Amino acid sequence: MIRVVESPFMVGRSEAAALSLPEDTMLSRLHFAIEYLESTWMVRDMGSKNGTALNGELLTQAKRLLAGDTITAGRLVITFEPHAATKEQVRSPLEFVDDAPSAHPSSSTVVFRFDPSKLAEAAVASTPQAPDLAARRMEALVKAGKEIASFRPLSELFEVILELSLHAVDAKRGVLMTFENGVLVAKAHRGDGFKVSTAVRDKVINERSSLLVRDASMDAMLKSSATIVAQRIRSLMAVPLQTDTQVTGLLYVDATDYMRSFDANDLSLLTVLANIAAIRIEHARLLEVEQTEKFMSRELDQAAEIQRGLLPQRMPQIPGLEVAGRSAPCKLVGGDYFDFFVLPDGRVAFVVADVAGKGLSAALLMSNLQARVQALMEVEFDVARLVTRLNHSLKANTPDNKFITGFFAMLDPKTGSMTFTNAGHNPPALIRNSGKIELLTTGGPVLGILPNIPYMGGHTVLELGESLVMYSDGVSEAPNAADEEFSEEAVGQIALACKDRSANETMLEIGRQLRCFLGDLQPVDDVTLLVVRRPPIV
């Protein structure tokens, strides 16, 4: 909005003009005048080189101005909207609103206000494509193409894009932001202590539009913005970083110099740079994600190999015992654990345990568990005391949302005498020669939750021809397509049907029937089986 309080009101490039537009080289020094004559407003060309048009027709003489008339001169297009005037109000205000077409349909309207106390506050016209300026912009595009196309890590790419953008539009301040977990985060910036108005951010992001504000103090959206006022921002541009499917960030530049005003050509150039940059940034992100995934895949492969090494590589050859065991994680690594140890007195200790959860976190806790069990097996030969000490040590290093279940047994292969402790684990099935199934439940709660809990020990005898089947809940709770669980009962019944078969055959049959039960589905949890049998003497 330009308020005119004097007549004649001169417009041109000269500092002597009431409205001085030095950046618009298509204007003459004194291009046209607006005068209040005989109670009406008139417009008159001042012999300009490129002429002045009223409603599209070149002026050859002074013409009366009517409401809605459009004056075009150089790059300036203004619309005449008079207030009521009388002879006593020769100096009454006259308002103009610049309705020049913008580079983007949703760019803000550019509004100017003339203060009669200052002959020339600012240059407000769009900058023409002078040869040197056009060359600089072309050079910026070529350089941008080369720099952005080259391989750079994201951290460097952000800085390069911002530098190219600032150089291209001759700006000193700017910031490049991208979305990180739904929040815009500054990745590169130039300038101290400036902030981007939320009004600017929301318009660009929500409308996916480029924004040009030539005079922020006059813009309807921004003139009341405390951020804009506090920073004394004169002109600004903001463009979205967007791919075909989404807006990934924002590129913003501004100018605090009152004589600097961005134009439509600057906005077009910044938009092109932002579009190129958005695609390049997305490609760089995808490449980094791919590289990270490859690295993680290699790390997981190595972790899986290490974890497999923590489990028994072959079953023990113990006179008077058959032992068969297998563990299969549902992911590359898992939280199930089984093991056996030959104690100094000839007894054999068996362990089956399950860390709550799956994947890498469970695998790390499983490794911790394996190390602690091995250490305790060398010094503690009472199963109840061993589990009590194990729980106490695990509590100090187990996260609050994690726990471990486990079954621990010590068996004399000569007599079949067995002591055991169940720490919140699936009760193993003891298959008796009589055809009965006993579930071993004596023990205590899960491991790693409550410190200083004494665990109880149970005792039984594994007779010749009898088997003990230990397993994780990945077996008993495996769901099929109908969301039915395989169940503990099924494990016991299959083992009972195999009571005259070897430990290995029993283990394989349980696995076979589990796969039939699942059909085409894959297990959703780690699957572990350990079968111990005292074969009859033939």
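## Overall architecture

Two residues are said to be in contact when they have heavy atoms within 4.5 Å of each other. On that basis, among contacts in the protein between residues at least 6 apart in sequence, 63% join residues at least 24 apart. The structure described here is a predicted model.

The protein contains 10 helices and 26 strands. It has 538 residues, of which 49% count as buried.

## Strand S4 and Trp41

Strand S4 covers residues 40-45 and includes Trp41. The relative accessible area of Trp41 is 5%; because buried means under 20%, this residue counts as buried. Trp41 and Arg64 are 23 residues apart in sequence, while their C-alpha atoms are 6.0 Å apart in space.

Thr248 belongs to strand S15, which spans residues 247-255. With a relative accessibility of 11%, Thr248 is buried. Leaving aside residues up to four places away in sequence, Thr248 touches Met177, Thr178, Phe179, Leu241, Gln242, Thr243, Ala278 and Glu282.

Helix H5 runs over residues 264-310 and contains Ile279. Ile279 has a relative accessible area of 44% and is therefore partly exposed. The C-alpha atoms of Ile279 and Asp244 are 8.8 Å apart in space, and the two residues are 35 apart in sequence.

## A nonpolar patch on the surface

Phe295, Met296, Leu360 and Leu364 form a nonpolar surface patch, and together they have about 370 Å² of accessible area. Helix H5 and helix H6 (359-377) are the elements that give two or more residues to this nonpolar patch. An α-helix has 3.6 residues a turn, so residues three or four places apart point the same way.

Met296, one of the patch residues, lies in helix H5. Its relative accessibility is 37%, so Met296 counts as partly exposed.

Helix H9 comprises residues 488-497, and the loop between helix H8 (473-476) and H9 holds Glu485. The relative accessibility of Glu485 is 49%, so this residue counts as partly exposed. Glu485 is also one of the residues of a negative surface patch, which is formed together with Glu477, Asp483, Glu484, Glu488 and Glu489.

Helix H9 also has buried residues, namely Ala490, Val491, Gly492, Ile494, Ala495 and Leu496. The cover over these buried residues includes three strands, S21 (429-431), S22 (437-439) and S25 (467-471). Helix H8 and helix H10 (503-518) are also among the elements that cover them.

## Salt bridges

Side chains of opposite charge can pair when their charged atoms come close. The structure holds 16 salt bridges. Glu159, Glu163 and Arg190 are linked by such bridges in a network.

Several pairs can be described individually. Asp170 forms a salt bridge with Lys172, in which the closest N and O atoms are 3.8 Å apart. Within this pair, Asp170 is partly exposed at a relative accessible area of 42%, whereas Lys172 is exposed at 66% relative accessibility. Asp202 forms a salt bridge with Arg201, and the closest N and O atoms of this pair are 2.9 Å apart. Asp202 counts as partly exposed at 31% relative accessibility, and Arg201 counts as partly exposed at 32%. A further salt bridge joins the side chains of Asp500 and Lys499, with an N to O distance of 3.6 Å. Here Asp500 is exposed, having a relative accessible area of 65%, while Lys499 is partly exposed at 22% relative accessibility.

Methods. Residues are numbered from 1 along each chain as its sequence is written. This is a predicted model: local features need pLDDT of at least 70, side-chain atom pairs count only at pLDDT 80 or more; totals for chains, interfaces and linings use all residues. Side-chain values use heavy atoms; hydrogens and water are left out. Patches are made of residues with over 30% relative accessible area and no salt bridge: like charges are joined within 9 Å, nonpolar side chains (Val, Leu, Ile, Met, Phe, Trp, Tyr) within 5 Å. Accessible areas come from the Shrake-Rupley method with a 1.4 Å probe; for residues, only the protein chains shown count as cover. A salt bridge is a side-chain nitrogen of Lys or Arg within 4 Å of a carboxyl oxygen of Asp or Glu. Lys and Arg count as positive and Asp and Glu as negative; His and the chain ends are not counted. The place of a charge is taken as NZ of Lys, CZ of Arg, CG of Asp or CD of Glu. Helices (H or I, at least four residues) and strands (E, at least two) are DSSP runs, numbered from the N terminus. Buried means under 20% relative accessible area, exposed over 50%, partly exposed in between (1.4 Å probe, protein chains only).
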